[in-house]
Amino acid sequence: MRLEKVDSVQERNKLYLDYIEAKSPKSSWAKSLFHAFLVGGGICVFGQTVSDVLKACFPLLDVNIISSWVNVIIISITIILTGFGVFDRIGRYAGAGTVIPITGFANAIGSSALEFKKEGLVFGLGAKLFYVAGPVIVNGVTFSIIVGLIYSLIGLF
Amino acid sequence: MLETILLYLKVMFVGGTICMLGQILVIRTKITTARILVLFLMIGAVLGGVGIYGYLVQWAGAGATVPITGFGNALARGAINGAKTDGLFGAIAGGLIATSAGVSMAIAVAYLIALCTSSRTKKH
């Protein structure tokens, strides 16, 4: 590394990126895709199992409430595992397999909570809880209101 | 019995494929976690708003609702269903009503877990 000898920022950034590229572990394409498929699919199968058990125990529950329950259960388990440091290990193995399911959202909130706790309960934990997951809520809610308004306007005519 | 096995295979296939698409994106573009979450959420919300995602949910159950695309779909469907039942107010509140259980639980559990565990700062 000869970062200190280079003046221009772009050149320094390029050197640094090359350095990261050289140092980061190479994983084969097919293997990481397979891991993502396996873990991501497995999480969904777990969700389906929970959903079927709930449906068998409480036949009167609405479909939407059951799928909300499934998400609540998966989110809770993920954050608890994140708290014990187990989830990071699964995440390293699975790549996007744990990011794309709702576990990725939960892990983002859980790890922010753990990370920013040391900055205080109000401005650390409280303020930065949604440091990574915030954009999801912001974009999602804004889009949902736009969809709702469009639908209401269409309904007027 | 055969139907149940078939359903679980479909769940595995759809959920796994969505994650695999995400992994391809990660490998090709080195996209960050927040961006990939937002991207897939918006894909789900658009497909849900148009009404296509509902068919996928019917076909593959949790394989379509557990990925973050299902969260986007729930937001969009919530707003549309709210607009149907409560008019303009439902259009504004519906999205969060449909997804509030997950978000609320995530906030509460994360806060409590962070309070209960000591932060594991690595010793240098």
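# Helix packing in chains A and B

In helix α2 of chain B, the buried residues pack against α5 (96-99), α6 and α8 (134-156) of chain A, and also against α1, α3 (53-60) and α5 of chain B. The model is predicted. The points below take up this helix, two other helices and the contact between the chains.

**Helix α2 of chain B**

- The buried residues of α2(B) are B:Ile36, B:Leu37, B:Val38, B:Phe40, B:Leu41, B:Gly44, B:Ala45, B:Gly48 and B:Gly49.
- α2(B) has 18 residues, which at 1.5 Å a residue should span 26 Å; the end C-alpha atoms are 26 Å apart, which agrees.
- After α2(B) comes B:Gly51, which has a positive phi near 105 degrees.

**How α2(B) meets α5(B)**

- Two packed helices are described by the angle between their axes and the distance between the axes.
- The axes of α2 (residues 33-50) and α5 (residues 68-86), both of chain B, come within 7 Å and cross at roughly 45 degrees.
- An angle counts as roughly parallel under 35 degrees and as roughly perpendicular from 65 to 115, so α2(B) is oblique to α5(B).
- The crossing of α2(B) past α5(B) is right-handed.
- On the α2(B) side, the contact is made by B:Leu37, B:Phe40, B:Leu41, B:Met42, B:Ile43, B:Gly44, B:Ala45, B:Leu47, B:Gly48 and B:Gly49.
- On the α5(B) side, the contact is made by B:Ile68, B:Thr69, B:Gly70, B:Phe71, B:Gly72, B:Asn73, B:Leu75, B:Ala76 and B:Arg77.
- Sorted by class, this contact of α2(B) with α5(B) has 11 nonpolar, seven polar and one charged residues.

**Helix α1 of chain B**

- α1(B) has 28 residues and reaches 40 Å from its first C-alpha to its last, close to the 40 Å expected at 1.5 Å a residue.
- Buried residues of α1(B) include B:Tyr8, B:Val11, B:Met12, B:Gly15, B:Gly16, B:Cys19 and B:Gln23.
- The buried residues of α1(B) pack against α2 and α5 of chain A, together with α2, α3, α4 and α5 of chain B.
- B:Thr17 also lies in helix α1 of chain B.
- B:Thr17 has 17 C-beta neighbours inside 10 Å and therefore counts as partly exposed; a buried residue would need 20 or more.
- From C-alpha to C-alpha, B:Thr17 and B:Met1 are 24 Å apart in space, and they are 16 residues apart in sequence.
- Just after α1(B), B:Lys30 has a positive phi of about 50 degrees.

**Helix α3 of chain A**

- α3(A) runs over residues 63-83, and its 21 residues should span 30 Å at 1.5 Å a residue; the end C-alpha atoms are 31 Å apart, which agrees.
- Among the buried residues of α3(A) are A:Ser67, A:Ser68, A:Val70, A:Asn71, A:Ile74 and A:Ile75.
- The buried residues of α3(A) pack against α2 (29-57), α4 (87-94) and α6 (102-116) of chain A, together with α4 (62-65) and α6 (88-116) of chain B.
- Just after α3(A), A:Gly85 takes a positive phi of about 80 degrees.

**Contact between the chains**

- In chain B, 61 residues are in contact with 62 residues of chain A.
- On the side of chain B that touches chain A, α1 (2-29), α2, α4, α5 and α6 of chain B each supply at least two residues.
- α6(B) gives the most to this side, with 18 residues.
- By class, the side of chain B that touches chain A has 42 nonpolar, 18 polar and one charged residues.

Key: Residues numbered from 1 in each chain as written. Chains lettered and ligands numbered in written order. Predicted model: local features only at pLDDT ≥ 70, side-chain atom pairs only at ≥ 80, totals over all residues. Axes fitted to C-alpha atoms, helices over the stretch in contact; angles between N-to-C directions. Helix = DSSP H or I, 4+ residues; strand = E, 2+ residues; numbered from the N terminus. Parallel < 35°, antiparallel > 145°, perpendicular 65-115°, else oblique. Left-handed = near helix turned anticlockwise from the far one by under 90°. Contact = placed C-beta atoms within 7 Å. Nonpolar A, V, L, I, M, F, W, Y, C, P; charged D, E, K, R; others polar. Expected span 1.5 Å × (residues − 1). Buried ≥ 20, exposed ≤ 12 C-beta atoms within 10 Å, placed from the backbone.
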